[in-house]
Amino acid sequence: MNEYGYKAKDATVAKLGLANVAAAYWNLDASELIKETIIRGEGELTDTGALAVDTGEFTGRSPKDKFIVLDNITKDTVWWGDVNFKFDPVKFDKLYDRVTSYLGGKEVYVRDSYACASPKYKLNVRVVTETPWANLFANNLFLRPTKEEILSFVPEWTIVCAPGFKAVPAEDGTRQHNFAILNFTRKVILIGGTGYTGEIKKGIFTLLNYILPQEKGVLSMHCSANIGKNGDTAIFFGLSGTGKTTLSADPERGLIGDDEHGWSENEVFNFEGGCYAKCVDLTKEKEPQIFNAIRFGALLENIEFTDGTSSVDYKNVSKTENTRVAYPINFIDNAVEPSVGAAPKNIFFLTCDAYGVLPPISKLTTGQAMYHFISGYTAKVAGTEMGITEPTLTFSACFGKAFLPLHPAKYAELLGKKLSSGNVNVWLVNTGWTGGSYGVGSRMKLSNTRAMITAAMNGELEKVKMETMPVFGLQMPTACPNVPAEILNPRNTWKDKDAYDAKANSLATSFVKNFEQYASAANEEIIKAAPKVVENA
Ligand code: ATP
Ligand code: MN
C-alpha cells in the first residue's frame, strides 16, 4: 500500500475514503516535514532555522465560513445564530466525498495527536493535511503521543484539511469557496479552501467547548495559564491581541499554555501542546521567550524577510498584521510538563481598550467578574492601511464568542460556581490605551502591564489603598511597585478630563446595551455590577 511512516498496524487512510491518494506519509518528524516543504517550494528556512511559509489567500480565520452539521446531537444543544451556522448533513457527506476525491492522486500527510493534557480528558485526533507544513502545525500545536502510543493509536476525531480544494457554494452549500465544518455524528472536521492553520487549531477548540462543559462539567476557556514557584496558577482570558500569549510567557513562572484550557474540579489543564504567537513588531528585548522559540522546528507564517537576507523583518506586515509563529510548548524554557496546574488563584481578564477608559488594572467583585466575563469587551484598532482612525468596539461573550458552540450562559454558570466556591482574585487588565483614546494616547507599556500583573500575583496590590472608578465602579490600586502611580487612574492620564468622562459614559452605554441580550440569564448580583452611566448636568 502507498502508506509510509510510523503508524498503528491497522491504521490506513483508506478508512477515511482516501484509498486513492498517491501516498500517505504518517507521523513524519519535524525535520522531514520541513524538508518536504522546501522541496515542494512551499517554504524556506530563516537564519534562525525556523520554517517560513505563506498560508495563501487567507491569513486569518474566516468566522462566517465556520459551520456545524445539524444532526440529532447538535439540533437542540448548539447555540445557533451568528457564530454557529447550520450545515446540512447530506450536503456534508457529498462535500466530504468531493474533498477526498480531490485529494486522490495527491500526497497527504497524516498526524496522530491528541488534545487535553489531563489524562482524564484526553481526546485523540488524527489530522490529514494536503501540505507538509500544515502537518508540522498540527505537530507543534497539538499534544504529541509517544512512539508507543502511536502504535496503538485510535482516533476519536479526524480533521481533513485541503486548502487547495475550492467549494462551489451553489452545489456544496457553503457561503463561499472556503469552509471549516464540524460534524459531531461523523466526528470529522472538514476544512477546505483556506490554508490558514488557525482553522485547524480553533476547530478543535470549538469541539472541546462543546464536549467539556456539556458532557464532562469542565469549564473550557479561551485563556493562557502559568504557574508560580509556589504552585499558584494564574489564568489570562482575552480576545485576540489582548496579550494572552505575551503575558503568560514570564521567565519567573512556568508556562502551562498560551490559549486554550480546561478547568475541572481541581485543576487547570492545557488543551494544546504548543503556542501560536503573534510576530508583529516582535523584539528579543520585549519578548525574549517567544523570540528565542523561533528556531528549527518552529513554523512562521506570512512574514517578510529583510531584503536580500533570510533574516525576518518582524516590523514588515505587508502580507498581514497577523504574522504568526507556531512552536511546541517545550520551546519555551520554563514550560511545565505535563501542562497542568492547580485551580487558579488569580484570574486576569485582559482587554485592549483602545478608548483609554478602563484602568490598567482593577480588582473585580464576583458580580463584576461575571458581568465582564459575559460581556467580553475589547476594542480593536482598525488596520492602519485602510486609514481608519476610530477604534471598533467588540463584545465577545466569555472572551471567545466565536468559538462557543453552546450558549454563553452555560460557561458563565460553570465559572460562577468556581468563583463562589474558591478564594480566587479576579482582575481586569487594560493592555490597551492610556493618556487618551487611540490617536491621542498610546498603548500601555508592556513592562508596566507585566509589573502590575506581577504585583497582583505577589499579593502586593492587597496592601495598597484602592479607589473606586466612577461609572464602572472598579477598584483601582493607588500604588503599584515599578509602575508610575499617575497611570493607575486613567482619568489622570488624560489632558482633557471632560473628554475622558464623556468617553467613559459612552463606553458604559455600549456595555449596558450589549448586556441586554444576556440579562435574562443573569442574577441580581451580576446585573448590579453593570456600569452606571452618569448624567452630566
Ligand atoms: P490571540 O488570541 O490572537 O493569540 P493573544 O491574546 O495571545 O491573541 P498576543 O499574541 O499576546 O495576544 O498579542 C499581544 C500583542 O500586543 C503583542 O504583539 C504584544 O507585543 C503587544 N503589546 C503591546 N503592549 C502590550 C501590553 N501592555 N500588554 C500586552 N501586550 C502588549
Ligand atoms: Mn495567543
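Residues are numbered from 1 along each chain as its sequence is written, and chains are lettered from A and ligands numbered from 1 in the order in which they are written. In this predicted model local features need pLDDT of at least 70 and side-chain atom pairs count only at pLDDT 80 or more, while totals for chains, interfaces and linings use all residues, and side-chain values use heavy atoms, with hydrogens and water left out.

Me: What makes a residue part of the surroundings of ligand 1, and how many are there?
Reply: A residue is near a molecule if one of its heavy atoms lies within 4 Å of it; 19 residues surround ligand 1, the closest being Ser240, Lys244, Thr246, Glu287 and Arg324.

Me: Why is the approach of Glu287 to ligand 1 called a polar contact?
Reply: A polar contact is a pair of N or O atoms within 3.5 Å, and a polar side-chain atom of Glu287 lies 2.6 Å from an oxygen atom of ligand 1, so this pair qualifies.

Me: Which element gives the most to the shell around ligand 1?
Reply: With three residues, α7 gives the most, where a helix is a DSSP run of H or I with at least four residues and a strand a run of E with at least two.

Me: What makes a space in this model a cavity, and how many are there of 30 Å³ or more?
Reply: On a 1 Å grid over the protein atoms alone, a cavity is a set of points where a 1.4 Å probe fits but cannot get out, and the structure holds two of 30 Å³ or more.

Me: What classes of residue line the largest cavity?
Reply: Its lining divides into eight nonpolar, four polar and no charged residues; Phe205, Met221 and Phe373 are among those that line the cavity, and Phe and Met count as nonpolar by definition. The strand β12 gives the most to this lining, with four residues.

Me: Which element gives the largest share of the lining of the second largest cavity?
Reply: That share, three residues, comes from α6, and by class this lining has three nonpolar, one polar and three charged residues.

Note on methods:
Polar contact = N/O pair within 3.5 Å; in protein donor to acceptor, adjacent residues only side chain to side chain. 1 Å grid on protein atoms, 1.4 Å probe; cavity = no way out; pocket = protein on both sides within 12 Å on 5 of 7 lines; lining within 4 Å. Points joined across faces, edges and corners; volume = space filled by probe spheres on them.
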